[in-house]
Amino acid sequence: MKLLNCPVNGSRPVSEFAYGGEVRAMPPADCTDPQWADYVFHRSGIPGVKVEWWYHIASGTWFYAERDVSLDRILRTWLPGESPEGEIR
Amino acid sequence: MTAPMTPVRSSPVAQALVARKAQWAPYRGMPCAVSVSAEDARHSAAVGVCDVSGLERCGLKGSGAAAWLEAQGVRVPAGANEWVALPGGGIVARLARTEFLIEDGPSGTEVRRVRPLIRAGIDGVTPVLRQDCALVLTGERVPELLVQTCNVDFSGVPADGPGLTLTQMVGVSVTVIRRELNGEPALRLWCDFTSGPYLWETLVGIAEELGGGAVGVAAAWPELHAATGT
Amino acid sequence: MSARLPPVDGEWIDRTRTLSFQFEGRAFSGYAGDVPSSALWASGVHVLGRSFKYHRPRGLLSLANHDVNALMQSGQRFNLRADVEALEEGMALAAVNTVGGVEADRLRIFDRLSRFLPVGFYYKAFHRPKALAAYWERVFRKVTGLGRIDFETPHIRTPKRYDFADVLVVGAGPSGLRAALAAAEAGAKVVLVDENARIGGSLGYQRGASDAGWKELQALEARLRAMPNVSIRSSTLAAGWYADHWVPLVDPVRMTKLRAGAVVVAQGAFEQPAVFRNNDLPGVMLASAAQRLIYRYAVKPMHTAVVLTANADGYRAALDLSANGVSVACVVDLRAKGESDELADRVKHHGIRVLPGHCVWEAEGQADRLSGVVVCPLNDQGQPDTSRPVKIAADGLLMSVGWAPAAALLYQSGCRMKYDDLTHQFVPVELAPGMFAAGRVNGVHDLQGRLADGARAGALAARHCGFSVPEPAAVARGPASVSHPYPIVDHPGGKNFVDFDEDLQVKDFLNAAQEGFDNIELMKRYSTVGMGPSQGKHSNMSAIRILARIVGKSPGEVGSTTARPFFHPVPMSHLAGRGFHPHRETPMHSRHVGLGAAWMQAGVWLRPEYYAAPGKRKAELVREEVRAVRSGVGLIDVGTLGKLEVYGPDAAEFLERIYTGKFSTLKVGMTRYAAMLDESAVVIDDGVVARLSDQHFYFTTTTTGSTNIYRELQRWNAQWGLKVGLVNTTGSFAAVNLAGPKSREVLAGLTSLDLSNEAFPYLALREGDVAGVPARLMRVGFVGEIGYEIHVPAEYGAHLWDTLMAAGEAFGIRPFGVEAQRVLRLEKGHIIIGQDTDGLTAPDEVGLEWAVKMEKPFFVGKRSVEIVRRRGPRHKLVGFEVDAAGARTAPKECHLVIRNGAIVGRVTSIVDSETLGRVVGLAFVAPDMTAEGTPLLIRVDGGAMVQARVVKTPFYDPDSARQKAPT
């Protein structure tokens, strides 16, 4: 079972977490219908490094995890509103 | 007609203890299981699972919670997921970063002082109604019970250290601290009221396999026993 | 006739404890510490089982957990591996794959019919002619399958446990022992596991007639056992590797899920059989199997042996045989030059003839036992020269021609392996972080090298876990020629087995390749090589070598198949541990138990569906509960509703972004219905929002939605950063709905609140005392009668229930369950999210247009509502009433609405309402079918059509006079 580092509670088995999908910016309200539909319905299946939402259930903590999905390797995690430490890769 | 009402508080695991024919004594308006069976002392030395939900507690959270508590004269743990002791056997626990659980010990009075002050409208402070299922685990085989129920390594966590763990046990979200009771290492657990019966039955079932079982406060926490009758 | 040797240093058997057992109905005895195979071999039994396909007699092959032809049944336990399972007193063993016993197996006829059973036989039989597929299925079912299930076997669950270590060392042979020592000396908490009953690995049995290795083992074991930070676990299998070094450790009792910081794989290598005609005759065995027999179980493997070899290990085995009373007729070395060092001299010194540049052409048998070996010289091309055969009488033949790494855990962790031309084996070239390989699995074969490699890997593993140790030096692989590149001899007579599990011969691979299955993964599936119980441990390497030769590639280019967990089979009872399925109980749960509730599951909750009573059926009881609410007073536990609070200056703003409605205009002390959409404008939840103060709202969600919705609200605010505090009080509040015309009277006696319609009107919220407890009360109308939702802290839930029930007694109060509530709300035409909506339902399709406030700048799903509204609804939810004539075959939920033969909708809820005296329901219909009076045709079970028509909702009390202002 994978380990995930919660920025508040430290390294825990992934069963303590809920996955929240890739972090994606909501398009502005005046976007076109196709742009909006793309945001609502389409998810990227491209392998590589992604930033994802993860939730530590016991403490109710949402955070970001940067993960190389092709290797299933977590690169770093941080809280919304805070900045990740270290450089990418 | 307005009936003369003396409200009775009930523990989330009251029914399970009734089924075990526990001996009861009131503690601050809640029947408290003083002893469960004649084997309480032996069970407690192996793995005892003891209900202490009757202890009084209150909660709050928010960016201003720590400062507000300090302003009320409450000592606040310095770091996330830490706890400090209160006079009378209680604790102030910092859950993650900005949430606090205050629980009075058997003879504590801090909650009674602070709880009425926590209300809506304080900047940065959100009141949290605490209705926990609160347990004590005692005995030398608690580590064995832990490795059957929780995927977090507690073996390196010092007893009575300031650390607090928010994790899951048998699939239930729990708050865990290690602290000494009666000079012996013990484990304190809190979970949601409505998950209490499931957590209780599961832990007691495993404890029984390990030579322990459900116990009353007389064996697990004599100070609490001494404070019953109120 | 016992083949038991005099006591051997380090033997595993306890000669003071004799065990009696049976095999195939005959009585035998062995010692504690024996396995069935060793005890039987000691007693002169050499046919331990029958092969899977041709039912050929089979004996001992490996004694290393891949003797899959010696699978046995003992009572309810089946497919016991006789080569590793501990012998127990009273076992009644039988071979699993026979008809009529292992000696007289009637299916041995298949051996004669083998040319009619070619590779891919099953696939072909099922393929053509199709008409015979059912016939073949019956035949195959009868003759295939291993072991017999006893359906009376008790249900066994073994509790699993977790464990934690810095360094896990898998394999306690020389490299593993040294790895554990090095890691432990660096300060790491070490767990050392070995699947064998005792640790030591090859140090214990590959002795070469010397006790140096065995002494080394004793010294290492003593040092390790003295270290407090080392846990040594024998009979423990590391069954697989999972992400971040999570390894299931399987012992005879249970499975332990161990989390390690680093893993050292020191599992060694599987000795590989040579492939020649009749290489499966009992008496032909791996050299290591003979050594295990001698040094673990003190059993003499044979009287006269031929040793077929291609490495130094075979010469050492010959010395071991010789030292233990076996006459070694000759050593047959596949290598042209043989072994040139002092080992060859030692062998010759023992008077053993060595034939370099020779192969075994075929083995011959008599009475199901090896009787002789035919040896041929190899020519310059390495082909057997059959013109000069030499026949040697022998009852034993040892095979020592090479090793395949036990690299399953390495593969599972994502290790990249390559074929090493020096050692002729796959070796790791790129290990996953925290994974380390040592010893034979790493291509290091000589003893000093393995010890050094273990120390290196152990130190690196400790370093990986943060312990400070100097960087150890690398260890060279080798020596060369431990594994022969092609120890396979083709023979026109066949029966030269590559895979003993599935009886695959060399020609099967040639045929499979000819039929186009010439990729290793395809060949595996078609030929089933490596798919038997041993999972290719003794066959994959040969298969790769054969395929490589067929397609003209190197074994490295052919590659190996995927190694999946588990490494060995794991009993189901180990996997069926204690299941953790948390459920939640409301604070009034015990009261429902006392009242005889019939339970139903609602997400993680148990809720009373109705309250049972002796002699009454469910439908009748539900009707009574409905009647109580309509005419008197009823009480339902609604504590499972999600109950959330939001505080702070932005609380109203937050709710307006989350829900479709307006909440900034909601007055303090009032409540409002609230619907929630997802970003695609699908209705996902609803509830009631109550305003307790300017900056404090209390709101409910559906029972099943509470956890996820609280979670999503937290996420939204992590992005918005509004000044709000969110609390999930679902479990902290007990809640009931006290409903019915007499509810006000019941409540009046329990509270100091003014319950008059003026002071506490419909949809209002009040805080006050009920039964002496601080409570939040809301006048809600879900069931269509005057009613009060009363919320109190959970610890007072039982008290509140008791008090209300006692106070209501005089009014005939009746507890009601979820089923009655469904009827009551349906009579009012209220929808239930998830029942009357689905995963595509837009608010306009279920009549929630009024609750969607598009003038707000934003709410979740608003942008999608704009788009969906332009498109128009696909269907609409309407109320309907079944025509009286059709009421006898009432439609059910999910029955379809049909128009002109096409499906235009479905029933979502339906009830035969006693209150209304008719059958009413809700259904999705085409958007042009919503007008009152529109006829509907509903297709019911059996295909009959039932006539219904669209009617307005609410069906009951359309003006809601009863819930608003009853006198």
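Domain bounds here come from an automatic or database domain assignment. On that basis, chain C of this predicted model splits into five pieces: domain 1 (1-151), domain 2 (161-270 + 404-464), domain 3 (273-401), domain 4 (487-572) and domain 5 (875-967). Chain C holds 26 helices and 47 strands, and it touches both chain A and chain B.

**Overall build of chain C**
- Domain 2 of chain C comes in two segments, 161-270 and 404-464, and domain 3 covers 273-401.
- Between the C-alpha centres of domain 3 and domain 5 of chain C there are 86 Å.
- The radius of gyration of chain C is 39 Å, whereas a compact globule of 967 residues would come out near 30 Å.
- Along the principal axes, the C-alpha atoms of chain C take up a box of roughly 115 × 70 × 55 Å.
- Buried residues make up 54% of the 967 in chain C.
- Looking at contacts in chain C with a separation of 6 or more, 66% link residues 24 or more positions apart.

**A covered helix, α8(C)**
- Helix α8 of chain C spans residues 287-297, and eleven of its eleven residues are buried.
- That buried set includes C:Gln291, C:Arg292 and C:Arg296, along with C:Leu293, C:Ile294 and C:Tyr295.

**The six-stranded sheet**
- An open sheet with mixed pairing runs in the order β38-β39-β40-β37-β31-β41 in chain C.
- Its edges are β38 (765-770) and β41 (814-815) of chain C, each of which pairs on one side only.
- Helix α19 (residues 618-631) of chain C packs on this sheet and touches β31 (634-637), β37 (733-739) and β41 of chain C.
- The direction of α19(C) makes about 115 degrees with that of β31(C).
- Within the sheet, β39 (residues 773-779) and β40 (residues 787-793) of chain C run antiparallel and are joined by four bridges.
- C:Arg779 has C:Tyr788 in β40(C) as its bridge partner.

**Strand β45(C) and its partners**
- Strand β45 (residues 918-925) of chain C is largely enclosed by the rest of the structure, because seven of its eight residues are buried.
- β42 (residues 876-882) of chain C is antiparallel to β45(C), with six bridges joining them.
- β44 (residues 902-913) of chain C also pairs with β45(C) in the antiparallel sense, this time over seven bridges.
- C:Ala923 in β45(C) is the bridge partner of C:Val878, and C:Val907 stands opposite C:Ala923 too.
- The hairpin of β44(C) and β45(C) has four residues between the strands, and there C:Gly917 takes a positive phi near 70 degrees.

**Where chain C meets chain B**
- This contact draws on 34 residues from chain B and 33 from chain C.
- On the chain B side, the elements giving two or more residues are β8 (126-128), α5 (142-149) and α6 (196-209) of chain B.
- By class, the chain B side that touches chain C has 16 nonpolar, 14 polar and four charged residues.

**Where chain C meets chain A**
- Here 17 residues of chain A are in contact with 15 residues of chain C.
- β3 (17-22), α1 (33-41) and β4 (49-56) of chain A each put at least two residues into the side that touches chain C.
- α1(A) gives the largest share of that side, four residues.
- The side of chain A that touches chain C divides into eleven nonpolar, three polar and three charged residues.

Conventions: Residues are numbered from 1 along each chain as its sequence is written. Chains are lettered from A and ligands numbered from 1 in the order in which they are written. This is a predicted model: local features need pLDDT of at least 70, side-chain atom pairs count only at pLDDT 80 or more; totals for chains, interfaces and linings use all residues. A residue is buried if 20 or more other C-beta atoms lie within 10 Å of its own, exposed if 12 or fewer, and partly exposed in between; C-beta atoms are placed from the backbone. Two strands pair if DSSP finds at least two bridges between them. Two residues are in contact if their C-beta atoms, placed from the backbone, lie within 7 Å. Axes are lines fitted to C-alpha atoms, for helices over the stretch in contact, and angles run from 0 to 180 degrees between N-to-C directions. Ala, Val, Leu, Ile, Met, Phe, Trp, Tyr, Cys and Pro count as nonpolar, Asp, Glu, Lys and Arg as charged, and the others, Gly among them, as polar. The radius of gyration is taken over C-alpha atoms; the globule rule is 2.2 Å times the number of residues to the power 0.38.
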